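Let's take a friendly walk through this model, with the structure open beside the text.

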Amino acid sequence: MFISTYQKGSCRDNGDFLQQAPIAVLYHSQPMYDAVDRILIDRDSIADRVEQLGQQLVAGLRPAADVGRLVVLPVMTGSLFFTADLLRHLPLSFRIQPITVSSYPGRSTTSQGIVEQTPLPPGLDGATVLLVDDILDSGRTMGHLCEQLKTAGAADVRCCVLLRKDIPRAVEVDCEYVGFDIPEVFVVGYGLDYDGLYRNMPDISVLKAPSIS
Ligand code: 5GP
Ligand code: MG
């Protein structure tokens, strides 16, 4: 699914949005939204797509879950909301073992590769591991984690991302489960941050240029 602009019941700027969806006024009149240029993917479209991804994952992961070999590794902090929503669509048996990785520290908007990471959990030998991240950009984060998981003895590593940027990647990653393909823009919301902010915005948005320095 390729998203280039605001989806469902949508419009291109906040003015239209306020007219068409009065219930959103409460959100969009908040100062947090002053920095937003436009909504790229609205909350309803996210919810629909996350549910579809859940169904796709159930089909692919059931065999591993049935034999007690499924481990889900959410990559924190960006995948916080995505993981919470997605995993509630997986009626399977598995353990959740979050790891924290930082690759866009502070105010940077270009990939720095992994700059900090918590250790992998123990007991991955023979496991089927589902890596869940917010976005696939250069591919360095997922690529590096896949390598580490294989070294730790994982039998099968599957990658799931909500967003995938439509760019040539520094590291090719075989990502089987993708929510939306998006253009090369820096996005925030639904877990994604800029300098630690905006993660709590329910939609995925693009910031105004002066807000990114
Ligand atoms: P990669 O290693 O693929 O270059 O980057 C992956 C990580 O960089 C993601 O997990 C995410 O934390 C961060 N990232 C990449 N693109 C964006 C973006 O457009 N917005 C935000 N907020 N973070 C991003
Ligand atoms: Mg991340």
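## A helix pair, a ligand shell and a loop residue

In this predicted model, Val50, Leu53 and Gly54 of α3 meet Phe82, Asp85 and Leu86 of α4. By class, the residues of this contact divide into four nonpolar, one polar and one charged.

How do the two helices lie against each other? Two packed helices are described by the angle between their axes and the distance between the axes. Here the axes of α3 (residues 43-66) and α4 (residues 80-87) come within 9 Å and cross at roughly 60°. Because of that angle, α3 is oblique to α4. The crossing in which α3 passes α4 is right-handed.

Now turn to ligand 1. Around ligand 1 there are 20 residues, of which Ser111, Asp137, Ser138, Thr141 and Leu192 come nearest. Each of the elements in this table supplies at least two residues of the shell.

| Element | Residues | Supplied to the shell around ligand 1 |
|---|---|---|
| β6 | 128-136 | at least two residues |
| α5 | 140-151 | at least two residues |
| β9 | 187-188 | at least two residues |

Which element gives the most to the shell around ligand 1? That is β6, with four residues. Sorted by class, the shell holds nine nonpolar, six polar and five charged residues.

One last stop is asparagine 200, which sits in the loop between β9 and β10 (204-207). Is asparagine 200 buried or exposed? Asparagine 200 counts as exposed because it has 12 C-beta neighbours inside 10 Å, and the cut-off for exposed is 12 or fewer. From C-alpha to C-alpha, asparagine 200 and valine 188 are 9.2 Å apart in space, while in sequence they are twelve residues apart.

Terms used:
Residues are numbered from 1 along each chain as its sequence is written. Chains are lettered from A and ligands numbered from 1 in the order in which they are written. This is a predicted model: local features need pLDDT of at least 70, side-chain atom pairs count only at pLDDT 80 or more; totals for chains, interfaces and linings use all residues. A residue is near a molecule or strand if its C-beta atom, placed from the backbone, lies within 6 Å of it. Ala, Val, Leu, Ile, Met, Phe, Trp, Tyr, Cys and Pro count as nonpolar, Asp, Glu, Lys and Arg as charged, and the others, Gly among them, as polar. Axes are lines fitted to C-alpha atoms, for helices over the stretch in contact, and angles run from 0 to 180 degrees between N-to-C directions. Angles under 35 degrees count as roughly parallel, over 145 as roughly antiparallel, 65 to 115 as roughly perpendicular and the rest as oblique. A crossing is left-handed if the near helix is turned anticlockwise from the far one by less than a right angle, and right-handed if clockwise. Two residues are in contact if their C-beta atoms, placed from the backbone, lie within 7 Å. A residue is buried if 20 or more other C-beta atoms lie within 10 Å of its own, exposed if 12 or fewer, and partly exposed in between; C-beta atoms are placed from the backbone.
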